[in-house]
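Subject: Structure handover

Hello,

I am passing a structure on to you. Please open it alongside this email.

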Amino acid sequence: MDDVYTTKSVEIAEAERWLEAVFDGAPSGQFVERRTINPVTRQAHQSWWPANNLKGLVDASLDDVVNVYVGVCPRVRKGGTASDVTHAGALWVDDPKRDLPEGFPQPAVIVETSPGKLQWIWLLADWTTDLDAIERINAELRDLVGGDNVQDRARILRIPGFRNV
């Protein structure tokens with residue numbers, strides 16, 4: 001496992017490194033969705049950044065105020081649905097309950113989203129448009145390790161460094 005990112009305190013550099021790893025080589029013209037959710041009102045707010053320029057997406061002033069997530073797959077337009085996603089550069093599992101089998105490829109990125117809860121992310125060598133395969137493999141990974149039901153292409157994941165408030 002190359003990197004472990006935690007949510008214990010906001011480290012802008014750590015969050016930016018995670019964003020760079022996950023979106024490296026994203027197709028041009030794609031957007032990264034940031035979604036903040038107010039923990040009291042449950043109101044969500046969406047905003048978008050060009051996938052090739054993510055400066056400003058992470059903002060320490062949001063910590064302890066809202067939950068902060070990004071779409072793990074970039075969007076071809078400013079939206080948060082499956083039809084807005086055309087490419088994937090990663091596979092993921094949220095909150096695995098079991099270890100990977102011996103010899104299984106380890107995730108490139110591990111995020112501690114809250115105490116004792118993890119996200120595992122495998123970065124693909126090349127971006128793909130076979131989103132049905134991404135969802136199928138994510139579901140197989142979920143079943144293998146007992147993870148949460150979050151295999152869909154429009155999935156948002158917590159940014160490392162931001163706590164679950």
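Below is what was found in it, element by element.

This is a predicted model: local features need pLDDT of at least 70, side-chain atom pairs count only at pLDDT 80 or more, and totals for chains, interfaces and linings use all residues. Residues are numbered from 1 along each chain as its sequence is written, and side-chain values use heavy atoms, with hydrogens and water left out.

Helices (H or I, at least four residues) and strands (E, at least two) are DSSP runs, numbered from the N terminus.

**The core**

Start with the largest nonpolar core, which has 40 residues. Such a core is a set of buried Ala, Val, Leu, Ile, Met, Phe, Trp, Tyr and Cys residues joined through side-chain atoms within 4.5 Å. Buried means under 20% relative accessible area, exposed means over 50%, and partly exposed lies in between (1.4 Å probe, protein chains only). Trp18, Leu19, Leu57, Val70, Trp92, Ile121 and Ile159 touch the most other members. Helix H1 (12-23), strand E4 (67-71), E5, strand E6 (109-114), E7 and H2 each supply at least two residues of this core. In soluble globular proteins, nonpolar side chains tend to be buried together.

Look at isoleucine 159. Its contacts (heavy atoms within 4.5 Å) are Ala15, Trp18, Leu57, Val58, Val68, Tyr69 and Val70, leaving aside residues up to four places away in sequence.

**Helix H2**

The buried residues of H2 are Leu131, Ala133, Ile134, Asn138, Ala139, Leu141, Arg142 and Val145. Their cover includes strand E5 (88-94) and strand E7 (117-128). Just after H2, glycine 146 takes a positive phi of about 70°.

**E6 and E7**

Six of the six residues of E6 are buried. E6 and E7 run antiparallel, joined by five bridges. Two strands pair if DSSP finds at least two bridges between them. Serine 114 stands opposite lysine 117 in E7. The two strands form a hairpin with two residues between them. In the turn, glycine 116 has a positive phi of about 80°.

Leucine 118 is in E7. It is partly exposed, at 28% relative accessible area. Beyond four places in sequence, leucine 118 touches Val93, Asp94, Asp95, Pro96, Ile110, Val111, Glu112 and Thr113.

**One aromatic pair**

Searching the whole structure gives one aromatic pair. The ring centres of tryptophan 120 and tryptophan 122 are 6.2 Å apart and the planes are at 85°, so the pair is edge-to-face. Rings of Phe, Tyr and Trp (its six-membered ring) pair if their centres lie within 6.5 Å; planes under 30 degrees apart count as stacked, over 60 as edge-to-face and the rest as tilted. Both tryptophan 120 and tryptophan 122 are buried.

**Two positive phi values to check**

Most residues other than glycine have a negative phi. Arginine 42 has a positive phi, near 65°. It sits in the loop between strand E2 (31-37) and strand E3 (44-50). Arginine 42 is exposed, with a relative accessible area of 55%.

Aspartate 95 has a positive phi of about 55° and is not a glycine either. Its place is in the loop between E5 and E6. Aspartate 95 is buried, at 9% relative accessible area.

Best wishes
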